[in-house]
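Here are a few notes to read alongside the model.

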Amino acid sequence: SPQDQYEMYSVEMEKQGNGDMDVKIKKKKTNKAAKKKEKLESMKKEMDGCLHLTWDTLSICIQGMNSTVAGEILLRDGPNELKPPKGTPEYVKFARQLAGGLQCLMWVAAAICLIAFGIQCGQGDLTSADNLYLAIALIAVVVVTGCFGYYQEFKSTNIIASFKNLVPQQATVIRDGDKFQINANQLVVGDLVEIKGGDRVPADIRIITAQGCKVDNSSLTGESEPQTRAPECTHESPLETRNIAFFSTMCLEGTATGIIVNTGDRTIIGRIASLASGVENEKTPIAIEIEHFVDIIAGLAIFFGGTFFIVAMVIGYPFLKAMVFFMAIVVAYVPEGLLATVTVCLSLTAKRLARKNCVVKNLEAVETLGSTSVICSDKTGTLTQNRMTVSHLWFDNQIHTADTTEDQSGQSFDQSSETWRALCKIVSLCNRAFFKSGQDNVPVPKRIVIGDASETALLKFSEITLGNVMEYRERYKKACEIPFNSTNKFQLSIHELEDPRDPRYLLVMKGAPERILERCATIMIKGQELPLDEQWKEAFQTAYMDLGGLGERVLGFCHLYLDPGQFPRGFAFDTEDMNFPTSGLCFAGLISMIDPPRATVPDAVMKCRTAGIRVIMVTGDHPITAKAIAASVGIISEGSETVEDIAARMRIPVEQVNKREARACVVNGGQLKDMETEELVEILKMHPEMVFARTSPQQKLIIVESCQKLGAIVAVTGDGVNDSPALKKADIGVAMGIAGSDAAKNAADMILLDDNFASIVTGVEQGRLIFDNLKKSIAYTLTKNIPELTPYLIYITVSVPLPLGCITILFIELCTDIFPSVSLAYEKAESDIMHLKPRNPRRDRLVNEALAVYSYFQIGAIQSFAGFTDYFTAMAQEGWFPLLCVGLRAQWENDHLQDLQDSYGQEWTFGQRLYQEYTCYTVFFISIEMCQISDVLIRKTRRLSVFQQGFFRNKILVIAIVFQLCLGCFLCYCPGMPNIFNFMPIRFQWWLVPLPYGILIFVYDEIRKLGVRRHPGSWWDKELYY
Amino acid sequence: NSLRQPKPSVWVEVLATVLTTTCPLCFAGLILLFYLILYMFLAGMFSFCIYGLLLTLSPYTPTYRDRVSPPGVMIRPYLHGFTIAFNVSEPSTWTPYVNSMHHFLQAYDDNIQEEKNIECPAGQYFVQDGAESKEKKACQFKRSQLQNCSGIEDPTFGYSTGQPCILLKMNRIIGYRPGYGTPVSVNCAIQKGNESALKSVDFYPGNGTFDLMYYPYYGKLTHVNYTSPLVALHFTDVKKNDFVPIQCRLNGEGIVNNVTNDRFLGRIIFTLSIGM
């Protein structure tokens, strides 16, 4: 039971006669502690983390610690700061760039090349260093793209790092009986510290004395409601008890002194942060896809290599030669250029996202949002503005809506009523919050206020509606004041009036509405004081219920002009005795406040919904508030009901409701604690619209895991330290850049620099687009593998002079075709991708069989035929007829044979034949290029006709084609090329030979797309749609 | 008449759907059929293109001759490479060279030449006009013109005395007229090293020139009996018991003999190693 779990330690305090205080914090061992095996599991269990505290019994006097002792403890415990999670060393980060799926494939290929080179050397064949060049090229590609990827991530890390708060926190500490201001990181366990309103709590503190101290634990729990802190122990759980203030929470008002019980990573917040580091990072979907793709390639490579190894053996090649062939074929299957293409495409998208304020830490995470099917979003600060704002007012028996937009662009309400003037006066005067000085130029909503959230909201509200509140307060001098406390549940103050001739005092009061109403005798309606009869009371109740039902915090306001006879100027008001009337007041109105949703959120949620993405709210806040916000942003859509709603509507007990009828469901942390994982999964399946309220960091983790168990790809958004474990566990963690804590940013994969949830939609869109476009790029890149491989196969089996050389292949892969394949990343979406369901990670693969088969065996085959046509043309026109070529290899390659006869009887030296061979390489190269131009055009779309997509819409692609042609010309016609890179200046008509095949590719693909569009679901669609 | 016949395309579709849904093997069959048709079509297109290509080619004259000219040079005897090494005292070391020479020169036997070829006026190109397909006549190049290297007087071509003959042959190129009117001549020198290693070389016929009358060549289809003219190099005084690298060049207008990438273009480099 929870009770058991809370009994981990108890805090005892004894007051000793001489005024010294002893705080004893004893740790009780519980039997649960020892299970190291299930470390992560046990960490998830509520509060088990606290078990591992080693809090010593402390004895501290009010003089504070001795600074020498403090120095010693500091040495022992280390500075009081959250250690950044063990930063991965830079070389490991770099090594990771070299160890992806594709990279491994290329390493293996390079190794094979070197082995093949070794075998050739062993055989004394020193003429061909192609294998060596290939190995070097492969390694170079891996290393260069590795550097590129590393640089990209390094840059985004820098962007994130620049957001870190560099100002060291100060703390007031009492040591050797004196007060010091020191850096918070110098504090040690046992130090006596003072905190006051506006401070950040510098460590976990056991409160000893407090005056009206309130803290905001939102950085820990996500709940921004102020909580009082006092010396009394009120709960056995250290998280619930009133007498411990936690590291990194805010002190909103009041003052307190306390003894530090935990510093640095041993604090609660440190524990949560370290919980995140215990969670394994999930593999990104794109990494999984690339591995799947590598499997396909490796399988095909070995199949082809094996087949031709056998063929070579049967033809009668020696074993070692056949082995070299096998290796060459396997290596030829490795798409050298693909790694560069994928890396560049991903970083292009990363750049595009960065321009829209999404910074991606890991390149591969760029696509993840596109595959996301569930978004678990934190509420405070992510969906909402993270500031209490006045949202509704009730006066003159009418609910008025205040402007809650961030930039005050919304509609205001009617402010002409007398009642409003009175209410406004109460709001301004009965308020202890004030602006920090020197912020006159800052827009009101952004100003820093000392005071709790409600008072801040009211202060800003009146500042906006009334004008300068500080000056206003000075005109109405405060005579006395009773601050809010939990027994009275009201706050009042008495002010002199502005007009010196009017001797009356004004008593203003605010507080819990029902308590305020009790004290009122009249109600102000349109400036008239009317007796508060049953009818008005009912009206009040209805309004109160309405506003409360919106999940808003409601306050009542009333006032009274004191009788000048009884209370003349200078009357000594006594707040202890309350020698003034606190009943029979005049009720002015109700004001309700809420942390309003960000303006862009409802639209973004709607877009997610149309994109088939489920948005789940996971918050530390109250269920009612959570539900209200969920409803207002559309997470719970209009007309959706929870089980409780149905029960209330049908007036039946909750148990009788058919749970399947309820679309929405609100689960709070308490319920979640007693729930088995299976139950949670069941609930997630049953209700499409989910809200989790009052959840702990561990529970967020469990929710994420449950979603993942359902096969979903989960995105988590959050800003607090409490979100960081879930951020880490998620397939993609999205942290807020401005409000986000460092822990959250460290755990996240993506950071929204503008804290705007709507940016996620951009991320989804870009992610989906890049997935589609990567598919196109890969299809484009894979196609040319076949025309690069078949020359070699024909060379082995039919013994023609080699039609395409190794260096030429490298030029195609790494030079001419890179730009066009990257340009496909700029392709616009074919259809409205934001109206499609997220892809099914098990079915919709990046590279599926249809893509590989279509690229390899259809388009690739056409390209091969184009290459061979051009090859035979070039050979025949120079004097070597096709039939003569067959079986010519041995003589052709004999470098002693200087008078080999061609079909006309002409005699060729070896050198002349070599140049002829280079001519063939070039011709084959040009054929592949021409076909690839056609290929890049057809790859623009997978389903639509290219005519529908538009030929010139993608300018980059057009430029890429022109560039490719220019590069082809340069390689062919630049002097010196023949002897350096084996390119020969070829005749113009040989450029035209592959054209019919290029046109065939285009027409064939248009037919394919037409079939796919016309007959969805047919065998044609299944076999040919990739 | 109420049952209307569905269109054939619909039939195909229905059939395909039925087949594919009923048995997976039929589906595989369908795919195979698809690929069969696709590849047949591609093969057809390829054949058509090649056929079209062959139609444009002349059987007598190559479309382009830019890669094969200027001419390369080759020597005989040719066994494995360009090192001619033998020991005078051991006939087994030089017999293969001699046999190779004899074999090569069979076609140049005087009687064969007289029978098949005509005598042409020396010192001018033997241009034969007329239809391209008409059979062309070839000029006589008699073995006896090679004098000491003809193998008639000395059937060992000097190998038995350590004064080997080597025949030099210019590669055939259709329509090529070497020297542009001036006969191409041959000279030989030490490629690198001690110049004194090669004291004297005799050239036959004439002063080691390729007579113009043997050109142009009209291709093997019409110029059936064409025999390449030869220049014999008689190395009468070469340093013995050493590897002597020799470079023989063609000299004439239009001849290129100094390209580093092709050491057989207009020149040839071989090594003589004559043991005593």
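1. First, a term: buried means under 20% relative accessible area, exposed means over 50%, and partly exposed is in between (1.4 Å probe, protein chains only). At 3% relative accessibility, Lys169(B) counts as buried, and Asp899(A), at 10%, is buried as well.

2. Some housekeeping: this is a predicted model, where local features need pLDDT of at least 70, side-chain atom pairs count only at pLDDT 80 or more, and totals for chains, interfaces and linings use all residues. Residues are numbered from 1 along each chain as its sequence is written, chains are lettered from A in the order in which they are written, and side-chain values use heavy atoms, with hydrogens and water left out.

3. Now the interface. Chain A puts 50 residues into the contact and chain B 54 (contact means heavy atoms within 4.5 Å).

4. Between chain A and chain B there are 4 salt bridges (a side-chain nitrogen of Lys or Arg within 4 Å of a carboxyl oxygen of Asp or Glu). Lys169(B) and Asp899(A) form a salt bridge, with their closest N and O atoms 2.8 Å apart. Lys169(B) sits in strand S3 (residues 165–170) of chain B and Asp899(A) in a loop of chain A, so this pair joins two chains. Strands (E, at least two residues) and helices (H or I, at least four) are DSSP runs, numbered from the N terminus.

5. Within chain A, Lys729(A) and Glu705(A) meet in a salt bridge at 3.8 Å, N to O. Lys729(A) lies in helix H24 and Glu705(A) in helix H23, so the pair ties together parts 24 residues apart in sequence. Both Lys729(A) and Glu705(A) are buried.
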